[in-house]
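Subject: Structure for you to look at

Hello,

Here is the structure I promised to pass on. Please open it and keep it beside this email as you read.

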Amino acid sequence: MTHDEVRSLLGAYALDAVDPREQEEIARHVELCPSCLEQVIQHREVAALLALDADLDAPLREPSDALWASIATSIAAPDVAVVLPLQRHARRRQFVKPTYSVLGAVAAALLLVVVGLGTYNHHLSSQVHNLQTNSLSYQLESALAQPTHQTVLMRSPKGVQKASAVITKTGTAYFVDHGLAATGHNKTYQLWAISNGQVISLGVLGSHPTLVSFKVESTMSTLMVNVEPLGGVASPTTPVLAQGAIVNVA
Amino acid sequence: MEPSLENQSDASLVIAVAKSDQRALEEIYRRHSGVVYGLANRLLRNQAPAEEVTQEIFVRLWNEPSRYDPERGSLRSFLCAQAHSRTIDYLRAETARRRRHDLDAATPSGPRYDVEAEVVNMLAAETVRVVVAQLPANERRAIELAYFQGMTYREVAEFLDEPEGTIKSRIRNGLSTLHLQLARAGFTRNEVGQ
């Protein structure tokens, strides 16, 4: 798409009225073209003002009084603020301190993880540094500072690392993206776990997750991520893109 | 004694949010939730999903305040763009589309609340209304269908039986005209991005 072609679409782009393919192409162009970026900023400012006009379509309404309370509750409990569990029973389960009946196997797996953690933690710490302006990154940094944290490397079937999960001993966990491409419109990444032999949803991650918090329970043995329709589904409908084994740590 | 947040700029409040100051987010919510929710509700015509979108936008700001760049426009513009994009995603999902159609038929359209009186600047809303009314009808219609009905420009072109290039031009020209008129009406740089 040429500069002029992009230019002709900036109005529609600012109103989210272009196709997903065009949106991606225009977004790339805008990042490199100051004049187009300025145009988009102007259009979006106008669009935001249009939202004030009550006569264009339906009348404006105010959110319910309970909405702020709901938001306040969400941000007060950051470990469930972003990921929205789809299975209600899973959210109610309490984290149980790990048992060690399979200590031998666990120790072997843990050893494999530990070998890679030295350099990997340095990589994660660098990522955290880049995200220090948001509170979730601070929480991740705090988790990484805990000696008992565990890092689960989530790899594709071909062995390419796509994401990782940092898990604290309390079960609070953080999903960190390492190269998942943005999904198209109407799609979202969804996080899954194997728990007691069953695949359960841990929630949707959004179309381009970078850092998302979620909850891990002692019964979970594997984390997986795939792409699902927007809003998530109850059971996986597409292949797993990346997965990693959870190893209980003291 | 706690410092007052009411006189702080939006950008200052976002910095406070980055430091996990919940009161700052509450002030941002007080200032902008009306227009964010109003936009989502206008597109979705259903309170519950509109509130879901509104909550998602503010929780996202809490979790990722660094996504807002003051150099790229006002906070209101940022929040509205996020809300609009998220709402469009919702609308374009087939299940959501079906839900919307069902609700269109079942839900009365009359207003139950007057959000403007509590949340948005009445003078700004009136000015915008006047400026929008002065737009050529075909440009106003194209913008309405794209922004408030969630149509792509191609869908607008098909709906109006006009060439796609014509619709692209109408949207772009209409927005540019609105920008110019709003600037003349005295909106600040941040409000129209000039």
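Below are some notes on chain B, then on one strand of chain A. Please keep in mind that this is a predicted model.

Chain B

How many helices and strands does chain B have? It has 11 helices and 0 strands. Read from the N terminus, its elements run α-α-α-α-α-α-α-α-α-α-α. Chain B has 194 residues, and 53% of them count as buried. Its accessible surface is about 9200 Å². Carbon and sulfur atoms account for 47% of that surface. Now take the contacts in chain B between residues at least 6 apart in sequence. Of these, 57% join residues at least 24 apart.

Strand 4 of chain A

Go to residues 187–195 of chain A, which form strand 4. Is this strand mostly covered or mostly open? It is mostly covered, with 7 of its 9 residues buried.

Strand 4 of chain A pairs with two strands, as follows.

Strands 4 and 5 of chain A form a hairpin, with 2 residues between the strands. Look at A:N196 in this hairpin: it takes a positive phi near 50 degrees.

Best wishes

Note on methods: Residues are numbered from 1 along each chain as its sequence is written. Chains are lettered from A and ligands numbered from 1 in the order in which they are written. This is a predicted model: local features need pLDDT of at least 70, side-chain atom pairs count only at pLDDT 80 or more; totals for chains, interfaces and linings use all residues. Side-chain values use heavy atoms; hydrogens and water are left out. Helices (H or I, at least four residues) and strands (E, at least two) are DSSP runs, numbered from the N terminus. Buried means under 20% relative accessible area, exposed over 50%, partly exposed in between (1.4 Å probe, protein chains only). Contact means heavy atoms within 4.5 Å. Accessible areas come from the Shrake-Rupley method with a 1.4 Å probe; for residues, only the protein chains shown count as cover. Two strands pair if DSSP finds at least two bridges between them.
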